[in-house]
Amino acid sequence: MYLLSVNQGPSEMDKEITISYGNKGNEELLYLYGFVIEDNPDDYLMVHYPAEALRNAPFSDSKTQLLQAQRAELRCLLPRSLLDRGFFIYSISESRNATVSNDNNVCNYSWSGQRKTPSYVNKLVFPDDLLTSLRTLSMQENDLFKVQSLLEELVGSEGEREPSDTEVRAAVWEACGDSGALQLLVDLLNTKLMDLIEGTGSEESDTKLLQNASVENNIACSESTDKTGSVMSKNKWASIIYRRGQKQLTRFFLREAEHVLQLCLEQ
């Protein structure tokens, strides 16, 4: 095995040589390498819509076909860095840039010209791939008929050609907008947060455990109130860091989703 150094000059004697694991979230670091990073800037949150729920949903066949036509997925990774362009500031960071460009490529084409580009689009932290899936999943019967009508208008009732995924996304957005998708997103994030808290307690309880622990070599020593000298393993310390980070990210993205939903309903 060969190691390549990014240092162009000669290495100094007796100086520690470090390696980079790459830009990985805490889940990958914990699973692959057995450690985590507090306040990891590369951490992420997984949001997914259960496939079983889709199968049991009204008009599941039509929605499945639309999802396939749009090349949409039922799961999405939300990197922590997305929050840098949102409505709220979540941490003090010199690297935060208020002028971060939004490359979300949000669908904003309107057949009728009546559905305008949302006012919140430049601060929307959620990728359009995620919103595309959620728009489709939240569609009602009249929305499905409207999408079918729009696509027939575009490609002809005889189906002279297949509409592109971009055209199908535009038709879905024209038919139902963002309100249903954002409400579904709020519900998904609320459920995820409640599941995390029910399984392992609140952020506050995790923080209290970490405040009473100090990492030293291969163990984290925990000072208990009864002075029994109980010991917390390093693996347990890492798992608490990971789960607290997941609760924190879920809460942050939930706050963004709730705010955008409110703005959407007011327009």
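## Handedness and overall make-up

A crossing counts as left-handed if the near helix is turned anticlockwise from the far one by less than a right angle, and as right-handed if clockwise. The crossing of α7 and α9 is left-handed. So is that of α1 past α9, which is also left-handed. Both come from a predicted model.

The protein has nine helices and five strands. From the N terminus, the order is α-β-α-α-β-α-α-α-α-α-β-β-β-α. The chain holds 267 residues, and 39% of them count as buried.

## α7 against α9

Helix α7 covers residues 179–200. Its axis comes within 9 Å of the α9 axis, and the two cross at roughly 155°. Angles over 145 degrees count as roughly antiparallel, so α7 is roughly antiparallel to α9.

On the α7 side, the contact is made by S179, L182, Q183, L185, V186, L189, N190, K192, L193, L196 and T200. On the α9 side, R243, Q246, K247, T250, F253, L254, A257, E258, V260, L261, C264 and L265 take part. By class, this contact has 13 nonpolar, six polar and four charged residues.

## α1 against α9

Helix α1 spans residues 26–33, and helix α9 spans residues 234–266. They pack at an angle of about 160°, with axes 10 Å apart. That angle makes α1 roughly antiparallel to α9.

N26, E27 and L30 of α1 make the contact with A238, S239, I241 and Y242 of α9. These residues divide into four nonpolar, two polar and one charged.

## E203 in α8

Which helix holds E203? E203 lies in helix α8, residues 203–211. Is E203 buried or exposed? Its relative accessible area is 14%. Buried means under 20%, so E203 is buried.

Leaving out residues up to four places away in sequence, E203 touches R244, K247, Q248 and R251. One of these, K247, also belongs to the contact of α7 with α9.

Notes:
Residues are numbered from 1 along each chain as its sequence is written. This is a predicted model: local features need pLDDT of at least 70, side-chain atom pairs count only at pLDDT 80 or more; totals for chains, interfaces and linings use all residues. Side-chain values use heavy atoms; hydrogens and water are left out. Axes are lines fitted to C-alpha atoms, for helices over the stretch in contact, and angles run from 0 to 180 degrees between N-to-C directions. Helices (H or I, at least four residues) and strands (E, at least two) are DSSP runs, numbered from the N terminus. Angles under 35 degrees count as roughly parallel, over 145 as roughly antiparallel, 65 to 115 as roughly perpendicular and the rest as oblique. Contact means heavy atoms within 4.5 Å. Ala, Val, Leu, Ile, Met, Phe, Trp, Tyr, Cys and Pro count as nonpolar, Asp, Glu, Lys and Arg as charged, and the others, Gly among them, as polar. Buried means under 20% relative accessible area, exposed over 50%, partly exposed in between (1.4 Å probe, protein chains only).
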